[in-house]
Amino acid sequence: MHFNHIGNAKVPSVSGRTLPVTDPATGQVYDEIQRSDIGDVDLATKAARQAYESVWLKISAAERGRLMMKLSQHISLHADELAAIEQRDCGKPTRQARADVTALARYFEYYAGACDKLHGETLPYLDGYSVHTWREPHGVTGHIIPWNYPMQIFGRSVGGALAAGNVCVIKPAEDGCLSLLRVAELATEAGFPAGVINIVTGYGHEVGKALAEHRGIDHISFTGSPTVGTLIQQAAAARHCPVTLELGGKSPQIVFADADLDAAIPAIVNAIVQNSGQTCSAGSRLLVEHGIYETLLERLGHVFENLRAGPPELDLDLGPLIRQSQLQRVWDFLSDAHVAGIPLVAQGKIVDEAPDTGYYQAPTLLRDVPPGHRLAQEEVFGPVLCAMPFQSEQDAIRLANGTAFGLVAGVWTRDGARQFRMARQLRCGQVFINNYGAAGGVELPFGGVKSSGHGREKGFEALLGFTVLKTVAFRHG
Ligand code: NAD
C-alpha cells in the first residue's frame with residue numbers, strides 16, 4: 001500500500017479510499033495507492049503554503065541548489081531501485097526505465113546549477129529613477145503528470161519550479177505514480193523541508209480536477225491529452241491562474257531524397273517505437289520525397305518485421321502499453337485503417353513469453369495514409385507509423401503543418417539551405433535537422449504551438465515560466 005506524500009509524511013486519503021495498481025505486463029493487480037480528492041488537495045496545498053512562507057522563501061538560492069544537487073545524487077544512488085519500480089508500474093523495457101532515471105537525475109542536476117543564476121535586470125529610465133525587474137516565484141505550483149514518463153516529466157516540471165523558488169503539489173497519473181512517491185521519500189532523506197514536495201495520487205477527474213480548481217495553487221503545469229488540457233485551462237481561467245500546457249503531437253519525420261538513410265532509418269524507428277509509441281514527441285508521421293518513397297518503405301519494412309514486443313524485463317524493442325483502454329485505442333485506429341483500405345507495410349511480433357493478459361501491441365508501419373484521415377491527424381499514442389509521399393518542399397511543409405498539433409519535427413536532408421528554409425516554415429516548438437530528439441536534451445526548451453499547448457519546459461527558458469516578473473521603480477531624485 002502506498003500513501004500520499006504530504007509534509008514529508010505518508011498520509012492516507014481523507015476519504016480512506018484506495019485504487020488498485022495493475023502491472024501492464026500481466027494485467028494483474030499487485031498494489032494499492034490512495035484515491036485522493038479535494039480534501040487531500042486541501043491538506044497538500046496548506047502544507048505547501050506553510051513551507052513556502054515559513055521555510056522555502058528564507059532559504060538562499062545557493063542552498064536550494066545544493067538540496068537539488070543532493071537529490072540528484074540520491075536518485076543516481078537509487079537508480080536500480082527506481083528503474084525497477086517504474087518498469088513494473090509502467091511496463092518499460094529495462095533500458096528505457098534506466099534512461100528515465102538518468103534523465104530525472106540530470107534534470108535535478110541541471111536545475112540545481114540554475115537556482116542562483118536566475119535574476120532580473122536594471123533598466124535605464126528617467127533621471128532620478130532606478131528601475132529593477134525581480135524574478136519571483138509564483139508560490140505553490142501544481143503539477144499534473146501523465147503516465148508515459150512519470151520520472152522525466154516530474155524532473156523537467158518540478159525541477160524547474162523548485163529551482164525558481166516555488167513549492168509543489170504534484171498529481172501523478174493513476175497508472176504511473178509509484179516511482180514519484182519513492183522520489184519524494186528520497187527528497188526527504190536529501191533534506192528537503194516538509195511541505196516543499198507534496199504528492200497526492202488518484203483519478204484525474206477527482207484529485208486532478210480539484211488541483212486545477214484550487215485557489216491555493218498559483219500556477220499549473222499540465223502534460224497530457226488536449227481534451228483534459230482544455231479543462232485545466234478553463235478551470236485555471238476562472239481564477240486567472242497561469243498554466244503551462246504540454247498536450248502531445250502528431251510529429252512529422254520529413255525525409256528528402258538526398259538524406260543519409262543509414263542515419264535516418266534507426267532514428268525514424270526509434271522515434272515511434274520508444275516507450276511503445278506512448279511519447280508526446282513520437283515521430284508518428286513519415287513524410288517521404290516521392291523519389292525514395294518505395295526504397296525507404298522497403299528498408300523500414302525489414303526493420304519493422306524484426307521488432308519485438310514483450311515482457312519489460314526481457315528488454316526488447318517494446319514493452320506493453322500502459323492499460324487495456326490504451327491498447328483498445330490503438331486497435332480502434334488500426335481497424336479504421338483496415339476499413340479505409342490503408343495498406344500495411346510491415347508489423348513486428350509479440351514474443352511467446354508475453355502473457356495474453358498483458359497489453360502488448362506489435363509495432364506497425366502503414367503507407368499511403370491520406371493526409372486527412374484520423375490516422376494522419378490524431379495522436380494514436382501507440383507504435384503505429386503512418387507514411388505518405390510528398391512531391392516538393394512546399395508540399396512537405398503543407399503536410400507537416402497540416403494537423404492541429406505543432407510539437408516537434410524532424411528533417412532529413414543534406415542540403416544546408418533547405419535545412420534553414422524548412423526550420424523557418426515548420427510550425428512547431430522544436431525542429432531537429434538530421435537527428436530526432438537530440439538525445440533527450442534536458443537543456444533544450446520544449447513545448448508546442450496550436451493544440452500541442454503553450455509555455456516551455458526544459459532548459460533555462462522553463463525557469464522564466466515558473467517565475468513572475470515584478471518591476472520595481474525607485475524615485476530617489
Ligand atoms: P489524460 O490527459 O487523461 O491524463 C494526463 C493526466 O491528467 C493524468 O495525471 C490524469 O490523471 C490527469 N487528468 C485526467 N483527467 C483530468 C481532469 N479532468 N482534471 C485534471 N486532471 C486530469 O491522458 P490519458 O487519459 O492518460 O491518455 C489519453 C491520451 O492523452 C493519450 O492517448 C495521449 O494521446 C494523450 N497523452 C499525451 C501525453 C503527453 O505527453 N502529451 C501524455 C499522456 C497522454
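Visitor: How many residues of domain 1 and of domain 2 are in contact here?

Guide: In this predicted model, 24 residues of domain 1 are in contact with 28 residues of domain 2.

Visitor: And which residues supply 25% of the area that domain 1 buries against domain 2?

Guide: Those are P24, A25 and W147, which supply 25% of that area on the domain 1 side, more than any other three residues. For the interface as a whole, the two domains bury about 2,100 Å² between them, and 51% of this lies on carbon and sulfur atoms.

Visitor: Back up a bit, where is the chain divided?

Guide: Domain 1 is made up of 4–247 together with 454–475, while domain 2 covers 252–441. Taken over C-alpha atoms, the centres of domain 1 and domain 2 are separated by 30 Å.

Visitor: OK, switching to charges: how many salt bridges are there between domain 1 and domain 2?

Guide: The count between the two domains is two salt bridges. As for named side chains, D315 and R95 meet in a salt bridge, with 3.1 Å from N to O.

Visitor: What about polar contact, how many residue pairs does the rule find across the interface?

Guide: Across the interface of domain 1 and domain 2 there are 15 residue pairs in polar contact, counting pairs in which both residues are at pLDDT 80 or more.

Visitor: Which elements give two or more residues to the domain 1 side?

Guide: Those elements are α3 (79–90) and α4 (94–114), on the side of domain 1 that touches domain 2. By class, that side of domain 1 has eight nonpolar, nine polar and seven charged residues.

Definitions and conventions:
Residues numbered from 1 in each chain as written. Predicted model: local features only at pLDDT ≥ 70, side-chain atom pairs only at ≥ 80, totals over all residues. Heavy atoms only, no water. Domains from an automatic or database assignment. Contact = heavy atoms within 4.5 Å. Buried area = accessible area lost by both parts, 1.4 Å probe. Salt bridge = Lys/Arg side-chain N within 4 Å of Asp/Glu carboxyl O. Polar contact = N/O pair within 3.5 Å; in protein donor to acceptor, adjacent residues only side chain to side chain. Helix = DSSP H or I, 4+ residues; strand = E, 2+ residues; numbered from the N terminus. Nonpolar A, V, L, I, M, F, W, Y, C, P; charged D, E, K, R; others polar.
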